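This report describes the features of one protein chain, from its overall fold to individual pairs of side chains. Please keep the sequence and the structure in view while reading.

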Amino acid sequence: MDQTRLGWLVRLVFSGWADFILSAFGSEPLLIPAIARSGEFGMLADDGAYAALDQVTPPGSRYRNAVAARSIFLFDDYNPAPATDRIAVPVLLIGSPRDRFAPFSALQAYATGHKNVTFEAVDGDHFDIYLPPMASNAAEIARRFLAAHLQPEPGAEPTNPPMHRTTGGTGRR
């Protein structure tokens, strides 16, 4: 491991510990950059990710490129799959075999094990889906998915009855 990477790692670990200690005394989270340029300090130091973030974040955006430093201890163990077993509605997953941050094989395995999941593969890296031309492709995939799943079955009773206008000021029909 080179000296620069080692320094980044040490700073990351100490920031995480400091955040845990400060939180024990009721302090607000110690925030660090979520994404930084290579050689700079942040949770993820990657030039490609930083460039993509810069492109997808419009001027004047309220997005904060920040995470609680303690999250570095949870990042590798993050797996939403067990909690999603309770999802009964249709789910759309879009993934790419070239994604450097979200394992494509995990998405494929999850989709294979769940009947309510539609999986669509696209070509690109993790943040490419938010940028043209892939953003248009992803929007079309989402449009087709929603059209397929939001149309009522022929002859099916609506699950949500139509809303009725109220009369008067009481809110009653």
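## A proline in a loop

P133 is located in the loop that runs between strand 6 and helix 5 (134-150). The peptide bond leading from P132 to P133 is cis, and its omega angle is near 0 degrees. The model examined here is a predicted one.

## The chain as a whole

The protein chain contains 5 helices and 6 strands. Along the sequence, these elements follow the order α-β-β-β-α-β-α-β-α-β-α.

Of the 173 residues in the protein chain, 23% are buried. The chain exposes about 12,800 Å², and carbon and sulfur atoms supply 57% of this area. Among contacts between residues at least 6 apart in sequence, 64% join residues that are at least 24 apart.

## Salt bridges

The whole structure holds 7 salt bridges. One of them joins R100 and D46, whose closest N and O atoms are 2.7 Å apart. R100 lies in the loop between strand 5 (91-95) and helix 4, while D46 lies in the loop between strand 3 (44-45) and helix 2 (47-56), so the pair ties together parts that are 54 residues apart in sequence. D46 counts as buried because its relative accessible area is 13%, under the 20% limit. R100, with a relative accessible area of 44%, is partly exposed.

R100 also meets the side chain of D125 in a salt bridge, at 2.6 Å from N to O. This pair again links distant parts of the chain, since D125 is in the loop between strand 6 and helix 5, 25 residues from R100. Together, D46, R100 and D125 are linked in a network of salt bridges.

A further salt bridge is formed by R143 and E140, with the closest N and O atoms 2.7 Å apart. These two residues are 3 residues apart in helix 5 and are therefore separated by about one helical turn. R143 is partly exposed at 46% relative accessibility, and E140 is partly exposed at 30%.

## Aromatic rings

A pair of aromatic rings is described by the distance of the centres and the angle of the planes. The structure holds 4 aromatic pairs. One of these is formed by F14 and W17 and is edge-to-face, with 5.3 Å from centre to centre and 90 degrees between the planes. Both residues lie in helix 1 (residues 3-24), 3 residues apart, which is about one turn of the helix. W17 counts as partly exposed, at 44% relative accessibility.

F104 and F119 form a tilted pair, with centres 5.4 Å apart and 55 degrees between the planes. F104 belongs to helix 4 (residues 104-112) and F119 to strand 6 (residues 117-121), so this pair ties together parts that are 15 residues apart in sequence. F104 is buried, with a relative accessible area of 15%, whereas F119 is partly exposed, at 23%.

A charged side chain also meets a ring: R11 lies over the face of F41, at 3.9 Å from the ring centre.

## A nonpolar patch on the surface

Which residues form a nonpolar patch on the surface? The patch consists of L6, L9, V10, F14, W17, F20, I21, F25, F73 and L74, which together have about 1,000 Å² of accessible area. One of its members, F73, is placed in the loop between strand 4 (66-68) and helix 3 (81-84). F73 is partly exposed, with a relative accessible area of 30%.

Methods
Residues are numbered from 1 along each chain as its sequence is written. This is a predicted model: local features need pLDDT of at least 70, side-chain atom pairs count only at pLDDT 80 or more; totals for chains, interfaces and linings use all residues. Side-chain values use heavy atoms; hydrogens and water are left out. Rings of Phe, Tyr and Trp (its six-membered ring) pair if their centres lie within 6.5 Å; planes under 30 degrees apart count as stacked, over 60 as edge-to-face and the rest as tilted. Helices (H or I, at least four residues) and strands (E, at least two) are DSSP runs, numbered from the N terminus. Buried means under 20% relative accessible area, exposed over 50%, partly exposed in between (1.4 Å probe, protein chains only). A charge sits over a ring if NZ of Lys or CZ of Arg is within 6 Å of the ring centre and within 35 degrees of the ring normal. Patches are made of residues with over 30% relative accessible area and no salt bridge: like charges are joined within 9 Å, nonpolar side chains (Val, Leu, Ile, Met, Phe, Trp, Tyr) within 5 Å. Accessible areas come from the Shrake-Rupley method with a 1.4 Å probe; for residues, only the protein chains shown count as cover. A salt bridge is a side-chain nitrogen of Lys or Arg within 4 Å of a carboxyl oxygen of Asp or Glu. Contact means heavy atoms within 4.5 Å.
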